[in-house]
Each structure stands twice: as structure tokens, then as C-alpha cells.
Amino acid sequence: MNQPLILVFTALMGGAILAYVVLDGYDLGVGMLMPAADRDQQQLMVNSIGPFWDANETWLVLGIGLLLVAFPAAHGVVLGALYLPVAAMLVGLMLRGVAFEFRIKAEGWHRELWNWLFWAGSFIASFAQGLMLGRYITGFASGFGYWLFALVVGGAVCGGYVLLGSTWLVLKSDGELQRKAILWARWGLMWVALAVVLVSIATPLASETVRQRWFSFPNMIFVSPLPIATFAAGLWIWFSLGKSDWKPFAGAVAIYVLSFAGLAYSLFPYVVMDRLTIWEAAAHPSALRFLLVGTAIVLPFILGYTLYVYRVFRGKAKGGDIYGS
Amino acid sequence: MDEALVLARAQFGLNIGFHILFPSITIGLAWMLFVFRLRYERTRDPAWLATYKLWVKIFALCFAMGVVTGVVMSFQFGTNWPGYMNNVGNVAGPLLAYEVLTAFFLEATFLAVMLFGMNRVPGWMHLASTFIVAFGTTVSAFWILALNSWMQTPAGYVHDAAAAGGGGTLIAGDWLAVIFNPSFPYRFTHMLLASGITASFLLAGLSAWRLLKAPEDSGARATLRFGVHIAAVLVPLQIIAGDLHGLNTLEHQPAKIAAMEALWKTERGAPLTLIGIPNEREERTDFAIMVPRGASLILTHSLDGALKGLDAFKDRPPVAPVFFAFRVMVGMGVLMLVLSFTGTYFLWKKSSLPRWLLWSLAGFTFSGWIATLAGWLVTEIGRQPWLVTGILRTTDAVGKASGAQLGASLTAYVLTYAAMLLSFIVVLTHLAGKGESR
């Protein structure tokens with residue numbers, strides 16, 4: 001009876017988390033690439049994400065908010081089990097958020113310090129998110145192998161964000177910085193490819209459920225388009241780099257959407273792997289219905305003005321202090 | 001209390017206390033920015049634009065601090081208080097989600113237009129964006145205070161014994177009654193005024209700081225005048241609102257009032273304790289200076305009105321922190337009243353302020369923070385031992401993170417917050433000291 005309602009909220013939560021990963025992913029990636037650029041380029045890089053990062057991070061609050069609202073039982077289990085990586089991620093996000101604001105107002109070695117903290121915060125947050133994902137996929141299983149797996153996923157997410165960030169820079173820059181970004185994107189893509197192979201081998205080993213879903217007949221045939229399409233998106237990025245400004249970024253987003261679909265397929269209907277389903281964890285229908293009304297009204301506006309702001313700030317990023325310009 | 005509970009509370013209290021510093025500036029400051037921007041639109045006087053550009057930077061800084069600490073809070077609900085969502089999630093959850101949906105995206109997105117869009121969008125759109133951000137901060141306060149007030153004075157809920165799922169058996173019967181619960185109108189007004197006062201003292205204080213360095217800065221003189229005048233209007237209003245809020249608390253949470261006033265015994269014509277040291281073990285206040293019948297007069301508006309003492313309550317909050325925090329809040333309020341009236345008097349008579357008054361205002365730059373924090377300590381500690389009054393105890397909501405995990409992350413938070421706060425104050429005084437010329 002409440003199944004459609006719960007499915008809608010599962011989709012909304014998944015959509016918000018995917019939006020967060022793609023959107024904050026590119027600005028975290030730009031943050032991690034900071035040390036590879038010279039001072040003027042760093043300014044351009046920061047300017048390219050300036051108008052967007054606040055709103056990007058809001059998708060994380062929405063995703064976690066929907067987990068908390070729609071699946072209260074899972075919220076405590078998931079966040080309790082991920083206590084330390086969550087704390088690390090939050091410290092990382094705080095560092096980079098304030099470093100972003102402070103570096104604009106600082107000069108000399110102060111600015112260098114904030115640049116460094118911006119990089120460190122971006123890296124800590126990205127790695128911690130990967131760690132959380134790795135722990136989450138295995139249902140928080142304990143043991144050396146599972147932690148090693150989580151570390152690999154941590155590295156993979158960093159590589160994925162670097163790919164998103166560098167292709168974003170290809171889109172938002174020109175000249176020397178764009179040439180550099182193309183090179184970074186090639187490295188990022190190779191990193192992602194290696195990580196995808198490693199994770200694809202390790203995940204079925206780490207989880208019986210995942211093995212069943214992907215490597216049993218006839219499931220294998222139905223799900224085979226996912227890895228094939230992911231591979232095609234990788235090739236698309238590789239061969240469009242240097243020829244098109246927007247295609248590499250679109251390809252990187254496609255890889256994320258496809259990976260996310262694969263993850264959703266692996267998990268469903270679990271919200272905590274092998275332990276808690278969305279049906280068990282869901283809130284009371286009265287709460288969900290009340291929220292659905294508002295969401296249906298407000299979400300189109302959010303999407304609308306988000307698109308508006310991306311349109312207002314379209315085009316290549318400019319150097320210098322962009323405040324008030 | 002066990003170690004994990006103490007640490008979980010310390011950590012959450014630290015975070016929420018650090019977080020509230022920034023919204024308490026941005027809610028008020030956003031509306032002031034709208035006024036600056038509107039004046040520029042009307043007069044085309046570049047001085048107003050320069051003022052706007054200086055203060056929008058300070059706003060952006062406060063906003064970013066609020067965002068990053070707010071993200072932490074959304075996670076700590078789950079990491080520190082899983083029992084909260086498991087028991088009252090069906091009511092509390094949607095209120096939080098509405099805040100994100102109706103306010104956060106609005107603020108974050110249009111702040112970008114405010115900050116970076118002046119030459120990219122038409123003037124009216126920039127003005128509208130400033131308004132939307134101010135509106136968003138207020139909507140955000142609306143939802144969060146609806147939730148907090150519901151935790152203080154729950155209403156509109158029913159028990160659905162048949163409820164299955166993760167959010168417990170308590171559900172909302174009437175959402176309007178949930179949102180507009182008995183203490184909400186008072187708390188919401190009290191907080192909006194607090195934010196207006198915090199922002200006006202920040203404005204006046206930083207402008208005074210600038211004038212001490214550069215007495216001829218006309219922009220700083222205008223913002224000083226603006227801040228002092230707004231404060232002189234809002235502080236008296238806040239005293240009235242606070243009194244009404246207190247009477248509402250007496251009706252719905254009498255144990256909190258008893259702790260605030262250190263009323264140990266139920267009596268008629270209860271004296272008002274001005275200051276003293278509450279002695280919880282002996283149930284009396286040491287070294288107390290009292291005004292006979294004062295408490296009855298203030299709280300019942302009658303000299304021999306009956307007041308319930310702490311002895312009337314089985315569940316009662318710790319007395320000393322509530323008692324002292326309340327006195328800090330009221331004390332700050334009185335000082336702010338004196339300062340804003342003195343400032344208004346000098347501006348009216350002499351049109352400029354003597355240096356000692358500029359120094360006083362500069363010293364009171366962050367006075368709103370102290371009063372706001374003290375007020376929140378009163379209301380939050382005063383609700384204990386309940387997390388949701390009469391429904392959920394704090395001890396029943398705590399998570400099972402180990403003391404070591406909590407201790408390690410608490411240390412990391414303390415260090416991060418200390419560094420952030422220090423940097424924030426340094427950058428703010430630096431920006432304000434430089435003035436609007438850049």
C-alpha cells in the first residue's frame with residue numbers, strides 16, 4: 001500500500017545523493033588539483049567554482065536529510081557505523097569551505113596557507129567519502145580485507161573526483177590551464193579505469209549478494225549494458241579531450257550516473273546491505289505524504305533556479321578577484 | 001551519566017553552539033544588506049554600493065561558516081542521537097527536510113548572484129536576489145525554530161500503535177498544530193530579534209573600530225549610525241518579547257522557570273534572586289542577593305502570586321548552568337540597552353560619538369553572540385532531562401559510539417572550530433579596519 005510512496009522517496013534520496021556526488025565532486029576535484037597549478041591558474045580554478053560550491057554542498061544536506069526523514073531507522077545505523085569517516089569528511093568539508101572564503105580575503109603567505117588547507121580539506125573529504133562508500137557496500141563488515149577494500153574505494157573516489165574536476169576545468173577554462181586540465185583528465189581517466197577494474201573484481205568477492213546479482217545467469221545478460229556503456233563513456237572522454245570543451249565533462253557525468261545505477265542495482269531493496277530494507281526502515285506514511293506535497297511543489301523551483309544560475313555564470317572563468325564583478 | 005552520553009552531549013552542544021553564531025548574524029544582516037542595496041537602487045549614491053560590497057563579503061563569510069557547520073549538524077543527528085529519529089522521526093524529520101527544501105537551496109543559489117552576479121544580471125534581479133537570500137534565511141529560522149519549539153512544547157501528535165517502520169509510533173495528527181505549537185511564536189520572534197540585535201552590534205562595532213582608525217570614513221559613519229539606531233529600536237522590543245516568552249515558559253515548562261530563578265520551594269510571594277550560587281545538594285542558593293516578592297511580581301504580575309518551586313518537579317534540569325546563563329543573557333541585554341540608547345543620544349545631540357563610546361561599541365561587536373548563546377543554553381539545558389518534553393529522554397536517544405571515537409572526533413572538532421573562530425575574527429576585523437575603499 002505504501003510501496004509507491006517509499007519507492008518515490010528512495011528515488012528522491014538516490015537522486016539527491018547522485019546530484020551531490022556529481023556537483024560537489026567536480027569542485028572537490030578542482031580542490032585536489034590545486035597544487036598542480038601555478039598561482040594565476042589557482043585563482044582561475046577557484047573562480048570557476050565560486051558561484052556554485054555552496055549550492056553543490058546543499059545536495060549533501062538534502063540527501064542526508066532524506067535518509068533521515070524517509071528512512072529514520074537506517075539513518076542511525078549507517079551514520080553510527082560510519083562514525084569516524086563521517087567525522088573526517090565533515091572536518092575536511094569545513095576546512096575547504098572556510099579556506100575557500102578566507103583565501104579570497106588573504107594575501108601573501110596567508111593565502112598560500114589557505115590554498116594548502118583548501119587542497120587538504122578537499123582531499124580528506126573525498127577520501128573519506130570513498131571510505132564511507134566502501135564500508136557501506138560491504139554492510140560495514142569487519143575484517144582486514146574489508147577495510148582494505150574500503151581504502152581502495154577511497155582512492156577510487158578521489159580519482160573519480162579528479163576526473164570530474166579536470167573535465168570541469170576543460171569546460172570552464174582556456175589557454176594554458178585548459179591544456180593542463182586535458183592532461184590531468186587523461187591521468188584521472190586512467191586512475192578511474194584502474195579503480196573500476198579493481199572494485200569490480202573486489203566487490204563480488206566482498207559481497208555474496210552482489211555476486212548473485214551480477215554473475216548468475218540470466219542476470220548477467222540483463223546487466224551487461226551497464227559495464228559496456230561505462231567503457232564507452234570512458235572512450236568518449238579519452239577521444240574528445242582536446243577536441244571538445246563540454247564532451248569530456250558530459251562523459252564523466254555519464255560514468256557517475258552509470259556507476260550509480262550499478263550500485264543501486266546491487267543494493268536494492270536494501271538500505272543497509274543484507275540487513276535492513278527500505279520497507280523496514282521507512283518512516284510513517286503520514287510523514288512521507290506531508291513531505292511529498294512540499295517536495296512536489298518546491299523541487300521544480302530548485303531545479304529551475306539552479307539552471308538559471310548555471311546560465312548566468314556560463315562561459316569561461318576569469319582571473320582576479322571576482323567579488324562584486 | 002555515562003561517559004559516552006556526556007561526550008555525545010558535549011560534542012553536539014559544541015557544534016550546535018558554534019553553528020548558531022553564524023545564522024544569528026546572517027538572518028539579521030541579510031535584511032540589512034537588502035536595505036543597503038535598496039538605498040543604492042533609490043539614490044544611486046555609490047557610498048551605499050560600497051557599503052553593500054563590504055558587508056556582503058562579511059555576510060558570505062558568515063554564511064559559509066554557517067553552511068559547513070550546518071552540514072556537520074545534519075550528520076550528528078544520526079551519529080550522536082539515533083534514538084531521536086527512531087522515536088520522533090515522523091514529526092521531526094519532515095520539518096528538517098522542509099528547511100533544506102524551502103530555504104537552503106534558495107539561500108545558497110541566490111547568494112551566488114548577490115556575490116558574483118552584479119554585472120551579469122539586471123539591477124532588479126540583483127536586488128531581488130538580495131531579497132530572496134534574506135527571505136531564505138528567515139524561512140530557515142522558521143522551520144528550525146518550529147522544530148525546536150515542538151521539542152520544548154510538543155503538540156499536534158498522536159500515537160499510532162500499528163505504525164510499522166523506522167520512525168517509531170509517534171506521528172503527526174495535525175501538522176499546523178505541530179508547527180505552530182504553544183512556544184513557537186514566542187521563540188521565533190525572540191530569535192529573529194536576537195539576530196537583528198546581533199547583526200546591528202556587529203555593524204556598529206566594526207564601524208566603530210574603523211572610525212577609531214579613520215575618523216573621516218563617511219561610509220563607516222553611516223553604518224555606525226544605522227547599527228546604533230536599529231539596536232536602539234530592537235533591544236527594547238526584545239525585552240518585551242523576552243518577558244512574554246518567559247510567561248509562556250512558565251505556563252508550559254514551569255520547571256525551567258524554577259531553575260532559571262533558582263526557586264527551590266513552592267511558595268506565594270516568591271523572592272527574586274538577583275545573584276548567588278545555586279547549591280544543588282542543599283537545595284538552596286548560597287550568598288544570594290534577593291528582592292522580596294520579586295519573582296512573583298515579574299512572573300505572575302502580582303506581589304503574592306504562587307510559583308512552583310523545583311520541589312514540585314520529579315524531572316528537573318540542572319539549576320546552576322540555567323541560572324547563570326539566564327543572568328548572563330539578561331545582563332548583556334541591559335548593557336546593550338544602555339549602550340544603544342547612549343549612542344542614539346550622542347548621535348542626536350552631537351552627530352558624532354566620543355572615542356570612549358566608539359571603544360565601547362567596538363568592544364561590544366560580538367555581544368550579540370554572548371547573549372544569544374546564553375539564551376540558547378537556558379532554553380536547551382532548561383529542557384533537560386528531556387530531549388522532547390514528556391516524550392523522549394536525552395538518555396534514551398544517545399548513540400552507541402564509543403567514548404574513544406567520541407573523544408577523538410571531539411578533539412578534532414574543537415581544534416577545527418578554534419582555528420575557524422580565530423581566523424573568522426581576524427579576517428572580520430581586518431576587513432572592517434580597511435574600510436570600504438577596496
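Predicted model: local features only at pLDDT ≥ 70, side-chain atom pairs only at ≥ 80, totals over all residues.
**Close-ups of a two-chain model**

Figure 1. Chain B has 14 helices and eight strands. Its radius of gyration is 23 Å, close to the 22 Å that the globule rule gives for 438 residues, so chain B is as compact as a globular protein of that length. If you boxed up its C-alpha atoms along the principal axes, you'd need roughly 60 × 55 × 40 Å. Of those 438 residues, 54% count as buried. Now take the contacts in chain B between residues at least 6 apart in sequence: 74% of these join residues at least 24 apart.

**Figure 2. Chain A, taken on its own.** Here you'll find 14 helices and two strands. The radius of gyration of chain A comes out at 20 Å, close to the 20 Å from the globule rule for 325 residues, so this chain is as compact as a globular protein of that length. Its C-alpha trace spans about 55 × 40 × 35 Å along the principal axes. Buried residues account for 55% of the 325. Among chain A contacts between residues at least 6 apart in sequence, 75% link residues at least 24 apart.

**Figure 3. Where chain B touches chain A.** How many residues does each chain bring to the contact? Chain B puts in 62 residues and chain A puts in 60 residues. On the chain B side, helix H3 (46–80), helix H4 (82–116), strand E2 (170–172) and helix H14 (403–434) each supply at least two residues. H4(B) gives the most to that side, with 22 residues. Sort the chain B side by class and you get 37 nonpolar, 20 polar and five charged residues.

**Figure 4. Two helices of chain B, H7(B) and H13(B), side by side.** A pair of packed helices is described by the angle between their axes and by how far apart the axes are. For helix H7 (residues 184–213) and helix H13 (residues 367–381) of chain B, the angle is about 155° and the axes are 7 Å apart. An angle over 145 degrees counts as roughly antiparallel, and that's why H7(B) and H13(B) get this label. From H7(B), look for Ala194(B), Ile197(B), Thr198(B), Phe201(B) and Leu202(B). They meet Ser367(B), Gly368(B), Trp369(B), Ala371(B), Thr372(B) and Gly375(B) in H13(B). By class, this contact has six nonpolar, five polar and no charged residues.

**Figure 5. Inside the largest nonpolar core.** This core has 259 residues. The ones with the most contacts inside it are Leu66(A), Ala70(A), Leu90(A), Leu33(B), Phe59(B) and Ala231(B). H4(B) gives the most to the core, with 23 residues. Zoom in on Leu90(A): leaving aside its neighbours within four places in sequence, Leu90(A) is in contact with Val71(B), Val72(B) and Phe75(B).

**Figure 6. A closer look at Val309(A).** You'll spot Val309(A) in helix H14 (residues 285–312) of chain A. Is Val309(A) buried or exposed? It has 22 other C-beta atoms within 10 Å, and 20 or more is enough to count as buried, so Val309(A) is buried. Not counting residues up to four places away in sequence, Val309(A) touches Pro51(A), along with Thr109(B), Ala112(B) and Val113(B). Check out Phe52(A) too: Val309(A) and Phe52(A) are 257 residues apart along the chain, but their C-alpha atoms are separated by 8.4 Å.

Key
Residues numbered from 1 in each chain as written. Chains lettered and ligands numbered in written order. Contact = placed C-beta atoms within 7 Å. Helix = DSSP H or I, 4+ residues; strand = E, 2+ residues; numbered from the N terminus. Nonpolar A, V, L, I, M, F, W, Y, C, P; charged D, E, K, R; others polar. Axes fitted to C-alpha atoms, helices over the stretch in contact; angles between N-to-C directions. Parallel < 35°, antiparallel > 145°, perpendicular 65-115°, else oblique. Core = buried A, V, L, I, M, F, W, Y, C linked by C-beta atoms within 7 Å. Buried ≥ 20, exposed ≤ 12 C-beta atoms within 10 Å, placed from the backbone. Rg over C-alpha atoms; globule rule 2.2 N^0.38 Å.
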